[in-house]
Amino acid sequence: MKPLISIVLPIRNEEDNLIMVCRSISQQSYKDLFEVMLIDDSDPQYKRHIVKCIDILNKEGIKVKWLRGSGAGVGDAMLIGLKASEADYVFFL
C-alpha cells in the first residue's frame with residue numbers, strides 16, 4: 001500500500017537537531033499512513049547521525065527512504081524528494 005503522506009527531510013551536516021526531529025516524528029500517530037524521505041547532502045562524517053535517525057524511525061515501524069542529494073542545496077534536495085515520492089501528499093521539514 002502506498003503511503004498517504006511523504007515527509008521530505010533535506011539533510012546537510014545535521015547532528016543533534018536531526019535526532020530530535022526523528023524522535024518527534026517517531027512519536028506521531030497513524031505511522032502506517034506516512035513515510036519519511038531523508039535526502040542526504042551531508043559530508044561522510046555525518047553518516048552515523050543519519051543511521052541513528054533511521055534506527056529511531058524503523059523501531060517505530062515507520063517507512064524510511066534514504067536518498068542521496070545532488071549537493072546543489074536544499075531546494076534541489078526538496079525536488080529529489082518530491083520526484084521520489086509516491087504519496088498523495090508531500091510535506092517538507
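Good morning. Along its sequence, the protein before you follows the pattern β-α-β-α-β-α-β. The helices (DSSP runs of H or I, at least four residues) and the strands (DSSP runs of E, at least two) are numbered from the N terminus. In the protein there are 3 helices and 4 strands. Its radius of gyration is 12 Å, close to the 12 Å that the globule rule gives for 93 residues, so the protein is as compact as a globular protein of that length. That radius is taken over C-alpha atoms, and the globule rule is 2.2 Å times the number of residues to the power 0.38.

A word on the basis of this talk. This is a predicted model, in which local features need pLDDT of at least 70, side-chain atom pairs count only at pLDDT 80 or more, and totals for chains, interfaces and linings use all residues. Residues are numbered from 1 along each chain as its sequence is written, and side-chain values use heavy atoms, with hydrogens and water left out.

I continue with the overall picture. Taken along the principal axes, the C-alpha atoms of the protein fill a box of roughly 30 × 25 × 15 Å. Of the 93 residues, 37% count as buried; buried means under 20% relative accessible area, exposed over 50%, and partly exposed in between, with a 1.4 Å probe and protein chains only. The protein exposes about 5,600 Å², and carbon and sulfur atoms supply 54% of that area. These areas come from the Shrake-Rupley method with a 1.4 Å probe; for residues, only the protein chains shown count as cover. Among contacts (heavy atoms within 4.5 Å) with a separation of 6 or more, residues 24 or more positions apart account for 81%.

Let us now turn to strand β2.

Which strands pair with β2? Strand β1, residues 5-11, pairs with β2 in the parallel sense over 7 bridges, and strand β3, residues 63-68, also pairs with β2 in the parallel sense, over 6 bridges. Pairing here requires that DSSP finds at least two bridges between the strands. As examples, V8 has M37 of β2 as its bridge partner, and I39 stands opposite L67 in β3. The chain crosses from β2 to β3 through helix α2, residues 47-59, in a right-handed β-α-β crossover. A right-handed β-α-β unit is also made by β1, helix α1 (residues 16-26) and β2. Right-handed means that, with the strands pointing away from the viewer, the path from the first strand over the helix to the second runs clockwise.

How many disulfides does a search of the whole structure find? The search finds 1 disulfide, defined as a pair of cysteine sulfur atoms within 2.5 Å. C22 and C53 form this link, with their sulfur atoms 1.7 Å apart. C22 lies in helix α1 and C53 in helix α2, so the pair ties together parts that are 31 residues apart in sequence. The link is left-handed, with -65° about the S-S bond. C22 is buried at a relative accessible area of 0%, and C53 likewise counts as buried at 0%.

Finally, helix α3. G75 has its place in this helix, residues 74-84. G75 is partly exposed, with a relative accessible area of 38%. The C-alpha atoms of G75 and P10 are separated by 8.7 Å, although these residues are 65 apart along the chain. Thank you.
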